[in-house]
Amino acid sequence: MRRVKAAVTALAAVLCASVGLAACSSGPSPSQASSTPTGNSVPLVAGGVAKGAKYLVYWDQNEEEDFLSMPSGIQGQLTPPWDPNGQMCILHDGRFVVGYDPTLPAQKNIGSAKPYKQPADGEELDEPNGSFSGQNLYVPGRFKMPGQSIGGDSPPTSNGVFNNNQTYTGCAVDSNGNVFGSDIATAQGAYPPPSSGRLVEWFAPNYTSYCIVYGPTTGGAGPHHTDGTGGLAQPGTMTLADNGDLLVPNVGTSSVLRFARSSMPPKASACPGGIYPRPKVQVSTFVKGLSFPAGIAKDPTCDCFAISSYIGDPAIRWVTKNGGPEPGRVSVPGETIAQLGTDANSYNPFGLAFAPDGTLYFIDIHVTCKDNMVSEGCGPADYGGRAMKVTFSGGRPSVPTVVHAGFDFPTSVTVCVSATQVCPYPTGKIVAPLSGPSENPSPDAGPPSNAPATAGFG
């Protein structure tokens, strides 16, 4: 199982092991960022049709993307195991982006035997039927995996592992179709998290030009200061405010940051060289005083937002569109550090999203501690991750119930409303989500070739 996405951490002085996981070069110019086909140069691969679906819920787990169709309750795989590991964001035509990094052999899932996508880390662009389009969104550089022709700007570790220095957790798509991704960088388990994180933007319609909107300003490798300091400190899953501002949970500041959309580049020509001038970015604190904030989502029933904390009480709280306490909602209780891992029925929310009727879906990364001792190693339980939901009556939440369980470190959940947008859906026979030991049927062996991955299902 890989634990490189989301960097779940706890106070190191209290937990002997961190809760959670487990740059760069001059590189080409933005116009040279990709030699792979783009969405404008290859036919769109259509998805199937979720008959009668009012909305669909998607979540990542153990490198696959699963779905739930409502109200039928049908569940299945959208994307079989092959790298997806982060928040999923849907484009207007039904394609979607999701964070990826190499599925390592030690994970022992089906995806570990498939070709590596290039470069090692970024946002993969997938078709409405769940297949890989052949194109990735990334920041170019000179650091390549063996046999690859496209490099990223983040160097590998001394052991040749790319996952620990760069990984995209959150995403958002603005009204222009531009894609934003939050890179946790080297925040892979340490507390306090390092300020090496980044906010990166890729521009529609081709997504071959990038802009580092906010990131490290000193130290690290190359002109991007990859693994340097001065950037974000473990950013989480993201959403947009009504005016297009970007709301980004940031563990290192115990807050949700607000990036003014009007201050960020609308197109690639506004970001020459791929690094946006820091003085132009208007950043404010949307909500402060949060415990390990991991995700934020708009609640359509109250014109307010819910924020998750994977450690702390409350686990999910509501705030107004201005960031103040929302009087019409009661929080979902959580567990403090002292309670961590002592109750098998507890939950640790990470990504979250709302259905149109206000039903809340969230991912439980399910932190446990050895022998229920907080002084022992704590982390997401093997096969302990769950997709869960909460309903409401008079603004009061129900006890969270399980949608599906038995996952290895899921992180994020996305809702697509079929009446308002094209929702990704598989073609052909529906394959049930893998869970429990069935997630890891493959031997501990990497792909048979170093040839870069091409479009399809691997």
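**Close-up views of a predicted model**

**View 1. The disulfide of cysteine 302 and cysteine 304 is left-handed, because the torsion about its S-S bond is about -50 degrees.** This is a predicted model. The two sulfur atoms lie 1.7 Å apart. Cysteine 302 and cysteine 304 are both buried. The count of disulfides comes to four.

**View 2. Cysteine 211 and cysteine 271 are joined by a disulfide.** The S to S distance is 2.1 Å. The torsion about this S-S bond is about 80 degrees, so the disulfide is right-handed. The pair links distant parts of the chain, 60 residues apart. Cysteine 211 sits in strand β12, and cysteine 271 in the loop between β15 and β16. Both cysteine 211 and cysteine 271 are buried.

**View 3. A disulfide links cysteine 416 and cysteine 423.** Their sulfur atoms are 2.1 Å apart. With a torsion of about -90 degrees about the S-S bond, the disulfide is left-handed. Cysteine 416 is buried at 0% relative accessibility. Cysteine 423 is buried too, with a relative accessible area of 13%.

**View 4. The largest pocket has a volume of about 820 Å³.** Its lining holds 30 residues. Ile90, Thr239, Thr414, Val415 and Gln421 lie nearest the centre. Strands that each supply at least two lining residues include β4, β17 and β28. By class, 20 lining residues are nonpolar, eight polar and two charged.

**View 5. Four strands form an open sheet in the order β4-β5-β6-β7.** The pairing is antiparallel. β4 and β7 are the edge strands, each pairing on one side only. From one strand to the next, the twist averages 30 degrees. Four bridges join β6 to β7. Leucine 125 stands opposite glutamine 135 in β7.

Key: Residues numbered from 1 in each chain as written. Predicted model: local features only at pLDDT ≥ 70, side-chain atom pairs only at ≥ 80, totals over all residues. Heavy atoms only, no water. 1 Å grid on protein atoms, 1.4 Å probe; cavity = no way out; pocket = protein on both sides within 12 Å on 5 of 7 lines; lining within 4 Å. Points joined across faces, edges and corners; volume = space filled by probe spheres on them. Nonpolar A, V, L, I, M, F, W, Y, C, P; charged D, E, K, R; others polar. Pairing = 2+ DSSP bridges. Axes fitted to C-alpha atoms, helices over the stretch in contact; angles between N-to-C directions. Disulfide = S-S within 2.5 Å. Buried < 20%, exposed > 50% of the residue type's maximum accessible area, 1.4 Å probe, protein only.
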